[in-house]
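I opened the file to look up side-chain contacts and helix packing. My entries follow in the order of the look-ups.

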Amino acid sequence: MNPRLGLFCALLTLSVAGAAAASEPWRTAHLRGECDSALSEARAAAEKGEPEAMLQMSDWHFFGTCLTKDDAESARWALLAAEAGLPRAQVVAGQIYASGLGVQTDPAAARRWYEKAAGAGDAEGMLLLAKLIGAQADPLAQELALAWARRAADANYPPAYVHLAGQYSGGGRQTDYAEAARWLDKAIVAGYRDNSVWVAWSWACLNLGRYDEVLRAVQQVPKDAPEFKAAQINHAHALLLNGQVGNAREVYAANMTLRGADEFRRILREDLAELRRSGRDHPGMARIEKLFLNKP
């Protein structure tokens, strides 16, 4: 997998707590100092079998707001809400079994709950199901995972755009940077303008020969961001492939200082190999390899 995938796949990490948020007044009760009244109301509703209230009880236990933090109790309430048929709770149930928060880790149970949520039309459940199935090496599983991810994207779920971009940037069975760029563009239009997305976008554009777009993308990443070193080396690659070898050399040198020599050389070696595979070979590459990788 390309090392850049880890930068933007973090956008797809979905917390149990985030999915467990129920009604806004209950969710924010602790901010207004109204836990007692909210808890009384939600507990009464939960004990009557109201799944949103059960999910809120789970949320409070997970965060430790309004109720004592207790992963086991959080899991118990979330599972009750899931069993009551609430798709969002079924997503949470899947996350609970996948992570082992308050229960024993059980991938098979996680998959069953994700399938229930996905079958009910929950886009988050579709994407989590895709990621779980996609962890298998079996080609048929990979196809099924891609199909579920596409269904999540068809439901206008932006994290699915980012996930699909990762699949086409080397994380799946095929590499197609045009397709990766298409999904990243949809993510950006949908509001995903995180530094890691700009880095991923710049990498896709590099492999497509769209160097001006690379330069615009890397400028979006501030120098104090963790993603800056990836943006900086993409900047150097764009300069190199655009024929500005001297300028590229200076940026490469700065990146080596930032990363350390060993990491820099490993990334440079991997990046140049992939760029060549994409048909982006340039005579200046040999000069950079001679200078930084000690190639004859």
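Which ring does the charged end of Lys186 sit over? I looked it up and found the ring of Tyr161, with the charged end of Lys186 5.0 Å from its centre. I note here that the model is predicted.

I then looked at Arg76. Its charged end sits over the ring of Trp77, and the distance to the ring centre is 4.7 Å.

**Salt bridges**

I searched for salt bridges next and got 15 in the structure. I wrote up three of the pairs, starting with Arg27.

Arg27 and Glu24 meet through their side chains in a salt bridge, at 2.9 Å from N to O. Both residues are in helix H3, which covers residues 24–27. They are three residues apart there, so about one helical turn separates them. I checked accessibility for each partner. Arg27 has a relative accessible area of 33% and is partly exposed. Glu24 is partly exposed too, at 44%.

The second pair I noted is Lys69 with Asp71, a salt bridge whose closest N and O atoms are 3.2 Å apart. Lys69 is partly exposed, with 47% relative accessible area. Asp71 counts as partly exposed at 27%.

Is Glu179 buried or exposed? Glu179 is buried, because its relative accessible area is 15% and the cut-off for buried is under 20%. Arg150, at 29%, is partly exposed. I also followed the shared partners: salt bridges join Arg150, Glu179 and Arg182 into one network.

**Aromatic rings**

How many aromatic pairs does a search of the whole structure find? I got five. One of the pairs is Phe62 with Phe63, and it is edge-to-face. I recorded 5.8 Å centre to centre and 80° between the planes; edge-to-face needs over 60 degrees. Phe62 is buried, with a relative accessible area of 19%. Phe63 counts as partly exposed at 48% relative accessibility.

I also looked for clusters of rings. Tyr252, Phe264 and Phe292 form one aromatic cluster.

**Helix packing**

I turned to helix H14 (residues 195–208) and helix H15 (residues 211–218). They pack at an angle of about 165°, and their axes are 8 Å apart. H14 and H15 are therefore roughly antiparallel to each other, as the angle is over 145 degrees. I noted the handedness as well: the crossing of H14 and H15 is left-handed.

**Ser202**

What is the relative accessible area of Ser202? I read 0%, so Ser202 is buried. I then took the C-alpha separation between Ser202 and Gly279, and got 16 Å. Ser202 and Gly279 are 77 residues apart along the chain.

Technical notes. Residues are numbered from 1 along each chain as its sequence is written. This is a predicted model: local features need pLDDT of at least 70, side-chain atom pairs count only at pLDDT 80 or more; totals for chains, interfaces and linings use all residues. Side-chain values use heavy atoms; hydrogens and water are left out. A salt bridge is a side-chain nitrogen of Lys or Arg within 4 Å of a carboxyl oxygen of Asp or Glu. Helices (H or I, at least four residues) and strands (E, at least two) are DSSP runs, numbered from the N terminus. Buried means under 20% relative accessible area, exposed over 50%, partly exposed in between (1.4 Å probe, protein chains only). Rings of Phe, Tyr and Trp (its six-membered ring) pair if their centres lie within 6.5 Å; planes under 30 degrees apart count as stacked, over 60 as edge-to-face and the rest as tilted. A charge sits over a ring if NZ of Lys or CZ of Arg is within 6 Å of the ring centre and within 35 degrees of the ring normal. Axes are lines fitted to C-alpha atoms, for helices over the stretch in contact, and angles run from 0 to 180 degrees between N-to-C directions. Angles under 35 degrees count as roughly parallel, over 145 as roughly antiparallel, 65 to 115 as roughly perpendicular and the rest as oblique. A crossing is left-handed if the near helix is turned anticlockwise from the far one by less than a right angle, and right-handed if clockwise.
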